[in-house]
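Try each one before reading its solution.

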Protein chains: 2
Amino acid sequence: MTASLTGLGPILETPPTWPEGLTPEVLAAIELPTPFLAGDLRMVADRFQRFARALPRVRAHYAVKCNSAPEILRTASAQGAGFEVASIGELRMLQAVGVDPADVLYSNTVKPAAHIAQAAEAGLWRFAADSEGELHKIARVAPGSAVYIRIRVDDSGSVFPLSRKFGAEAHHARALLQEAKRLGLQPYGLTFHVGSQCAATSAWRQAIASAGRIMRNLQQDGIRLEMLDLGGGFPARYGDAVPSIEQIGDVIESALDELLPYEPLLIVAEPGRHMVAETAVMVASVLGREERAGEEWLYLDVGAYNGLMETQQTVGQWRFPLWSSRADHGVVEQVPYTVTGPSCDSSDTMFYGAPLPVTMSEGDRVFIASAGAYTLSYASSFNGFPPPATYFIER
Amino acid sequence: MTASLTGLGPILETPPTWPEGLTPEVLAAIELPTPFLAGDLRMVADRFQRFARALPRVRAHYAVKCNSAPEILRTASAQGAGFEVASIGELRMLQAVGVDPADVLYSNTVKPAAHIAQAAEAGLWRFAADSEGELHKIARVAPGSAVYIRIRVDDSGSVFPLSRKFGAEAHHARALLQEAKRLGLQPYGLTFHVGSQCAATSAWRQAIASAGRIMRNLQQDGIRLEMLDLGGGFPARYGDAVPSIEQIGDVIESALDELLPYEPLLIVAEPGRHMVAETAVMVASVLGREERAGEEWLYLDVGAYNGLMETQQTVGQWRFPLWSSRADHGVVEQVPYTVTGPSCDSSDTMFYGAPLPVTMSEGDRVFIASAGAYTLSYASSFNGFPPPATYFIER
């Protein structure tokens, strides 16, 4: 336990992910009522710039579902990013901050017909699909649109695999793009998703190889694709070490050179978590500390249902870096806590065995780092506890 | 599979839970855009009346967290019910429909101090607690309030156990009520929770026995309690058989007669799910039907995150009765489907192996019964899909 007395404690094994402007010292001085999410837009901009340097040929289309705060959408847009949406609701959020729908990809492969029609009406022209049914739906309600086919790839290196629910088999993709052409749609591209929070750089290489094989086959049909969409999955730092974007970029850039029969006009990716997770910290207050059957419990005013759903999806494996407002943090002994939310629901419990100072008590604040992605986007008002407000610091 | 061709299919083993006014035929005729929750307020009123008949000595305090639609709160109030809240937010909803805060119990045992103060200011005077810390907090911000102590009881017969997170050990309850008195609070009562969706009637008897022993010990301290609160946990019908409220009522009424040293002035319970689950049906549309790796998938416009969270908490065990709008439902063969939500998240998947007609296709509607409790209360707008609207039928 002594190793935890310096730095960020045993829960954080990677280099600190506290944003420069959002260190525990800075956070402890903020007197706003909790819970709230404190974000740093300059860091968001930095992430987009770093991504662009690591993947110079790849344009980022930010995944709106990850964090749709208008300030973040505006920052991404100012950095030259395009966007990716899952619904008409997300497209409307983008339009509200002035984004041109023509610069937006609609990558949910199974869409409500009404959403497709409204998106096309607004000027969005590129839709993902992974089945004949979806192609017929698109041809029916948005004739002439460009379509890109999502192929199933190996996502076993990710924390959140997605390939049971989505993706056509590679051998099927060629037939789907031929079908798109027959239906009067533009056979525009291919996409894949290596799974969210992917830690295996080889996954991108394998997926690009698969796309390359399909592109080669399509050449025989006289179809040349304009776009390759590398999807998302670019990881952020939580409790475990992950490859850097530079490492991932090297793998992807080599694969693009080596494994494609030609370079499509447009190569994009759909980063979300990687761009924003580390740029915000959730600030919560301790409502009570209780001993329950020999366990130390901390009750916070934020829980799984009003802001930290991913703690519930990954019980026991997902580790957000934690710190507290206590002046004796880093000085006194740390003990393991069960950390739960404010609701009357036992499933609202977020962390087990999370080390925090032995002195924690009511009114202390807890700082939950890497909380900028997939937090408020899942938040409800369960038990009458509304989602936290978001504040962005100035620096 | 032939047994499924009549009645409600193999997913529903208990008698039909379709509300009289919300049969599949009635639902299929509603042309509103999906998803929506269709509710029957007359059935809500009936449930309150039946509960009162089954438990004549017990006053229902409806658990607002379960479904806080204003129409349901008004119906409960018109039936003479009191209420139970988990936060100041829920108290504000009640005040908005004219409920007197004096008739409301605040049963969350670990509360934000600010919520206690604001509730007391509004006229709420009874607060639950299960620790010294909470008693001190209440005495500090709402001096003189009445407190009732939540004791930990056996909740192993329930679907959602709650006793790791909440509840004082029985031997500790006496000390807590003594402490309450010392702090100038009114030692008002005891409460417990047998766990949500409890199917073991013996759990109530055991819990009442435990409360009776504490009441007897407290008599030696000169403390006579005014209230015994039996908590919630009264089950609703989903896919499995559960005891009727009359069976539970018999057990409870006998236990109250036999196991208490005296009858408190007020005996209450906090039913939520039991009162409203069966009174509403979620109506969703099929966005697409796809075969994925040999499985038949249905993609609906409602999912775990915008309305059916409990499907995710209980993967593989929780079975909502399902039916469809298809005219050939009950006539053609049924096949097992994986039923998923509209978002790009694979964890949004709700049902596995759910039998529905082999003919299901885009545009068909799916009716998910027993959807009146803990559905919209957990709903977020994840992926830009907002929570379903609620409509109440007239009959």
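Two exercises with worked solutions follow, after a word on conventions.

This is a predicted model, in which local features need pLDDT of at least 70, side-chain atom pairs count only at pLDDT 80 or more, and totals for chains, interfaces and linings use all residues. Residues are numbered from 1 along each chain as its sequence is written, chains are lettered from A and ligands numbered from 1 in the order in which they are written, and side-chain values use heavy atoms, with hydrogens and water left out.

**Exercise 1.** Find the strands that pair with strand β12 (residues 280-292) of chain B.

*Solution.* 
1. Strands here are DSSP runs (E, at least two residues), numbered from the N terminus, and two of them pair if DSSP finds at least two bridges between them.
2. Strand β1 (residues 36-39) of chain B runs antiparallel to β12(B), with four bridges; Gly39(B) faces Ala280(B) there.
3. Strand β17 (residues 365-368) of chain B is also antiparallel to β12(B), over four bridges, and Met282(B) stands opposite Ile368(B).
4. Six bridges link β12(B) to antiparallel strand β13 (residues 295-300) of chain B.

**Exercise 2.** Locate Cys344(A) and list its contacts.

*Solution.* 
1. Look in the loop between β15 (334-340) and β16 (349-357) of chain A.
2. UniProt, in an unreviewed entry, places the feature "active site" at Cys344(A); such annotations may be inferred rather than shown by experiment.
3. Cys344(A) is buried, at 11% relative accessible area.
4. Leaving out residues up to four places away in sequence, Cys344(A) contacts (heavy atoms within 4.5 Å) Asn383(A), Lys65(B), Ala86(B), Asn108(B), Leu162(B) and Phe166(B).

Technical notes:
Buried < 20%, exposed > 50% of the residue type's maximum accessible area, 1.4 Å probe, protein only.
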